[in-house]
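Please open the structure in your viewer and keep the selection tool at hand.

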Amino acid sequence: MNILESIKTKLARKKAREVHYISKATIKQTAKENSIIIKTLEKKNNRRNVPEEEYLTKMRDPNNIVEFDDLHAYFFTDAGVVKAVDGVSFDIPKKSIVGVVGESGCGKSVTSLALMKLLQSPQGQIYSGEIRYASKTGKCYNIADVPKIDMNKIRGNEMSMIFQEPMTSLNPVFRIGEQIDEVLFLHYPDITKEDAKLKSIAMLKLVGIAMPDKIYSAYPHELSGGMRQRVVIAMALACDPNLIIADEPTTALDVTIQAQILDLLREIKDKIDGSIMLITHDLGVIAEMADFVVVMYAGRIIEKGTASEIFKKPMHPYTVGLQKSIPALNLGDERLYTIPGTVPNPINMPNYCYFRDRCNRRFEKCNGAYPALLQVSPTHSVACYLYDEIKTELEKKDGEKIAKK
Ligand SMILES: Nc1ncnc2c1ncn2[C@@H]1O[C@H](COP(=O)(O)OP(=O)(O)O)[C@@H](O)[C@H]1O
Ligand SMILES: [Mg+2]
């Protein structure tokens, strides 16, 4: 090999390293920058004896139970800042089911964890924005500002979370009954052991478990997946919540059981007279359940609207793609549609539409800056350049209206 060639290979290797690896110096620099930000944010989270007035606020609309307002939730990792949720705004109206949908890694779980203030700290932080929550007590909190210690009260008494895999919420070494009783003892410190047992059994009955007395003294491994999920729902109900966050509640279950659990969730929503934030990657589940739909992609909302708007008039090519990939019985042997490519990693995202490279309707304009969310009806918005003409028409109409006045 002559000298020129060896230099060329060396340079090529160096370039490859630059693309695939982050140098030690960069990691060190990033860690240093992160630690400054994390320290400031953690200091705010760990405050004690903060007067309530500091985190009380007002709802924009009194009919909402939750309002996400330009929420940014980041993970400060050594590889860079993961903008898992990057400017998300949507409402959860009282007594409604809001479906949050998107592929894996879109930031759905992080949005819900931010609402509960359960982001993996110290690297996971609500960086900016507001999450307004209308409490049972009539007060309204800005969750982003509530210190961790005060959050325990709000979270425990009013919100419940149901996870995908029931075994993560159940302890395998304790009987079912003991675990539900435990939740009751926490929420009603004065309750007697006998009353707790009666209430736990009633709760098991409420979630459709046959022979609740027997299940009360069973261990989690003795139950089927569907029954375990029912138990978890019973536990979630024990604190009498007015908001249930269900994160992929049926993903680990088979189809028939899935339908039963969804029916149960719907019944329970009416019983508690509250709201459900239903997170799923499956638009089919949302179709059956939700009143409003929020479609997320790579940490941002790309479309939101009422369920009928999203299903009858989907606008964003991503929403259309998700709908095409719902398995339907009448498709014959046609192969199921899949959107090509994967969700990009939300570190160092480019400033153009994140979906551009996977989109089958992209055109020249899509090379421009990230498209703004365009309101096409009072409840329906979409972030896509395909609808820019509508925007100019709307602006024209507005202009005419103003001119008439
Ligand atoms: N603890 C963490 N540290 C770093 N990155 C995380 C962490 N948790 C989630 N993320 C990143 O945040 C993004 C959103 O994740 P998530 O909300 O869990 O997605 P999903 O929509 O599937 O629920 C993903 O890119 C994920 O890699
Ligand atoms: Mg998730």
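This is a predicted model: local features need pLDDT of at least 70, side-chain atom pairs count only at pLDDT 80 or more; totals for chains, interfaces and linings use all residues.

**Stop 1: two residues with positive phi**

Select M211, in the loop between α7 (193-206) and α8 (212-216). M211 has 10 C-beta neighbours inside 10 Å, and therefore it counts as exposed. Its phi is near 50°, a positive value in a residue other than glycine.

Next, select D70, which belongs to strand β1. Its phi is also positive, near 50°. Is D70 buried or exposed? D70 counts as exposed, because it has 11 C-beta neighbours inside 10 Å.

**Stop 2: the surroundings of ligand 1**

Select ligand 1 and display the residues around it. The shell holds 16 residues, and the closest are F75, A84, K108, S109 and V110. By class, six are nonpolar, nine are polar and one is charged. β1 (64-77), β2 (80-93) and α3 (108-116) each supply at least two residues of this shell. Which element gives the most to the shell? It is α3, with three residues.

**Stop 3: helix α3 and what follows**

Eight of its nine residues are buried, so the helix is largely enclosed by the rest of the structure. Just after the helix, K117 takes a positive phi of about 60°. Move on to P122, in the loop between α3 and β4 (124-134). The peptide bond joining S121 and P122 is cis, with omega of about 5°.

**Stop 4: the nonpolar core**

In soluble globular proteins, nonpolar side chains tend to be buried together. In this model, the largest nonpolar core has 94 residues, and those with the most contacts inside it are A114, A234 and L278. Select A234: leaving aside its neighbours within four places in sequence, it is in contact with I180, M203, L204, L206 and V207.

**Stop 5: I162 and strand β6**

Select I162, in strand β6 (residues 159-162). I162 counts as buried because it has 24 C-beta neighbours inside 10 Å. Not counting residues up to four places away in sequence, it touches V232, I233, A236, I244, A246, D247 and P249. By contrast, I162 and A144 are 18 residues apart in sequence and 22 Å apart in space, C-alpha to C-alpha.

**Stop 6: across the sheet**

From I162, step to A246, which stands opposite it in β7. β6 and β7 pair in the parallel sense over four bridges. Four of the five residues of β7 (residues 243-247) are buried, so this strand is largely enclosed by the rest of the structure. β7 also runs parallel to β8 (residues 275-280), and five bridges join them; here L243 stands opposite S275. With helix α10 (residues 255-272), β7 and β8 make a right-handed β-α-β unit.

Finally, display the whole sheet. It is open, has eight strands in the order β6-β7-β8-β3-β9-β10-β12-β11, and shows mixed pairing. β6 and β11 (374-375) stand at the edges, each with a single partner strand, so one side of each is left without a neighbour in the sheet. The partner of β11 is β12 (residues 381-382), which runs antiparallel to β11 and is joined to it by two bridges. To end the tour, select L374 and its bridge partner in β12, V382.

Conventions: Residues are numbered from 1 along each chain as its sequence is written. Chains are lettered from A and ligands numbered from 1 in the order in which they are written. A residue is near a molecule or strand if its C-beta atom, placed from the backbone, lies within 6 Å of it. Ala, Val, Leu, Ile, Met, Phe, Trp, Tyr, Cys and Pro count as nonpolar, Asp, Glu, Lys and Arg as charged, and the others, Gly among them, as polar. A nonpolar core is a set of buried Ala, Val, Leu, Ile, Met, Phe, Trp, Tyr and Cys residues joined through C-beta atoms within 7 Å. A residue is buried if 20 or more other C-beta atoms lie within 10 Å of its own, exposed if 12 or fewer, and partly exposed in between; C-beta atoms are placed from the backbone. Two residues are in contact if their C-beta atoms, placed from the backbone, lie within 7 Å. Two strands pair if DSSP finds at least two bridges between them. A crossover is right-handed if, with the strands pointing away from the viewer, the path from the first strand over the helix to the second runs clockwise.
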